[in-house]
Amino acid sequence: MNVSLIQNSDKLKYDIEIILMFKKEFEKSSCKEKKLLKELNFKAQDEEVVFLPESKKIFIGCEENNYESLAIAMSAAVKKFQTTQFKTAYIKLCKEEEQSLKAFTQGAILGSYTFTKYKKEEKKVEQELILVASNELKELSALFNEAVIVANSVNKTRDFVNTTPDDFYPKIMAKEAKKIAKVNELEYAVYGDKYLKKNKMMSMYSVGRASRHESKLIHLTYKPKDAKKKVVLIGKGLTYDSGGLSLKPSDFMVTMKSDKSGGCAVLNIIEAASQLKLPIEIHAIVGAVENMIGGDAFKPDDVLKAKNGKTIEVRNTDAEGRLVLADCLCYAQDEIQDIDYIFDYATLTGASVVGVGEYTTSIMGNSQMLKCHAVQSAINAGEYATSLPFNRFLRKTIKSEIADVCNIANTRYGGAITAGLFLDHFVYEQNKDKWLHFDIAGPAYVEKAWGYNPHGASGAGVRMSIELLKDLIQH
Ligand code: BES
Ligand code: ZN
Ligand code: ZN
């Protein structure tokens with residue numbers, strides 16, 4: 001869906017009018033369709049939408065005047081609009097224009113997303129949504145452009161993640177990264193198995209060993225001249241996670257193409273940040289790997305040595321994301337000096353989904369303040385997130401009798417946190433308080449549509465990170 005912003009005038013041309021009706025105001029409303037709407041049982045609730053073909057109006061309900069309610073309403077409207085052949089629709093911004101502008105823009109772009117790569121082609125009309133402002137456009141235009149850039153990045157992340165493992169393996173991920181680098185003039189580097197072995201990144205290397213697709217370590221850099229901060233973003237890019245020799249049961253294997261969501265998010269965050277010209281040096285590092293079975297697979301009982309020299313006892317090959325991230329964390333801290341913040345994004349544990357539900361990201365780290373900051377940014381950006389606490393007792397559960405650390409805990413409980421604590425072993429002393437771990441296993445991929453999110457990939461992590469980065473410039 002194309003979305004544009006214009007200032008109100010008498011010459012407005014459009015096919016359909018979209019009208020937002022707040023639940024509280026519906027009763028007092030004097031609109032001429034009120035009687036008909038009531039007969040149709042319209043109550044102006046969230047997600048309610050009615051199309052009146054004769055007057056060519058789409059009415060949408062809205063219960064609260066906040067980003068989420070407005071974006072969900074807009075999403076419902078464009079979905080209805082998409083079922084028609086009409087070309088243009090318009091909607092007036094609400095009184096507080098800035099707030100409704102972001103919600104309408106993103107609600108429309110995120111809500112109209114469809115993934116049709118594997119469907120027999122059906123010709124669709126190119127449709128346009130026009131947002132109509134009553135005030136001058138000056139400042140609104142900048143906000144609008146930002147909202148569009150971020151929403152498009154979310155949709156691109158969704159496209160990457162939804163693509164099947166046979167069409168999106170490590171080499172393809174590197175190719176997509178290269179495309180992003182070229183278009184946005186970013187620095188680009190990619191390394192294969194030879195580099196991993198030469199640089200003693202045996203933890204990451206071993207996970208990909210049984211796959212017919214070579215592992216790729218991807219590194220993009222955005223270096224603006226006016227950089228005020230240096231931030232490293234690391235993404236888990238498991239293009240498929242079969243579980244390895246600790247094979248997943250079939251029901252759990254389905255959807256594991258989504259195990260690259262962290263890596264896909266990171267590539268699109270750096271692209272959006274560069275398009276927004278944020279004054280931050282950003283490094284996006286992705287461990288793109290496929291976790292498979294075969295004669296050359298790594299095994300439970302193996303002891304792997306990571307880049308920082310720490311040894312890891314493997315007791316479950318399905319806890320592979322942390323093995324890949326361990327080496328990526330080391331690589332980042334060895335190669336990049338004076339880091340201000342280091343964030344990793346991963347569909348790391350089913351335990352996170354059990355703990356906080358499908359829609360919420362779990363945020364972990366050693367700095368209480370930084371965690372709070374990130375949670376607030378996520379909420380401001382329209383994503384759900386909460387922080388999970390580390391503690392010394394859970395820390396003990398990943399001790400190993402034979403190596404420096406074990407890749408699974410000796411307790412059934414707190415799996416999201418023990419995974420975070422494992423990663424902490426690979427965060428260097430000087431960076432302990434600069435690091436955050438985002439477990440996006442829940443929201444990255446949900447098999448039923450929710451709000452303005454479709455079935456499948458949601459693009460989790462993108463909006464919250466742009467919000468957080470913007471905030472960190474000031475700190
Ligand atoms: N990729 C999975 C985690 C996951 C589960 C993501 C469900 C999205 C939805 C990860 O590699 C994994 O398999 N983790 C194991 C760890 C366990 C063996 C300690 C898990 O969560 O079961
Ligand atoms: Zn796994
Ligand atoms: Zn995984």
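## Conventions

Buried means under 20% relative accessible area, exposed over 50%, and partly exposed in between (1.4 Å probe, protein chains only). The model is predicted, so local features need pLDDT of at least 70 and side-chain atom pairs count only at pLDDT 80 or more, while totals for chains, interfaces and linings use all residues. Residues are numbered from 1 along each chain as its sequence is written, chains are lettered from A and ligands numbered from 1 in the order written, and side-chain values use heavy atoms, without hydrogens and water.

Asp241 belongs to strand 9 (residues 229-241) and Glu320 to the loop between strand 12 (311-313) and helix 11 (321-335), so the pair ties together parts 79 residues apart in sequence. Helices (H or I, at least four residues) and strands (E, at least two) are DSSP runs, numbered from the N terminus. Asp241 is buried at 3% relative accessibility, and Glu320 is buried at 1%.

An open sheet of mixed pairing is formed by six strands in the order 1-6-5-2-4-3; two strands pair if DSSP finds at least two bridges between them. Strand 1 (2-7) and strand 3 (49-52) are at the edges with a single partner strand each, so one side of each has no neighbour in the sheet. Strand 5 (residues 88-92) pairs with strand 6 (residues 128-133) in the parallel sense over five bridges, with Lys92 bridging to Val132.

## Salt bridges

The count of salt bridges comes to 20, each being a side-chain nitrogen of Lys or Arg within 4 Å of a carboxyl oxygen of Asp or Glu.

Asp424 forms a salt bridge with Arg395 (2.7 Å, N to O). Asp424 lies in helix 15 (residues 415-424) and Arg395 in helix 14 (residues 392-396), so parts 29 residues apart in sequence are tied together. Asp424 also meets Lys432 in a salt bridge (3.1 Å, N to O). Asp424 is buried at 5% relative accessibility and Lys432 is buried at 17%, whereas Arg395 is partly exposed at 33%.
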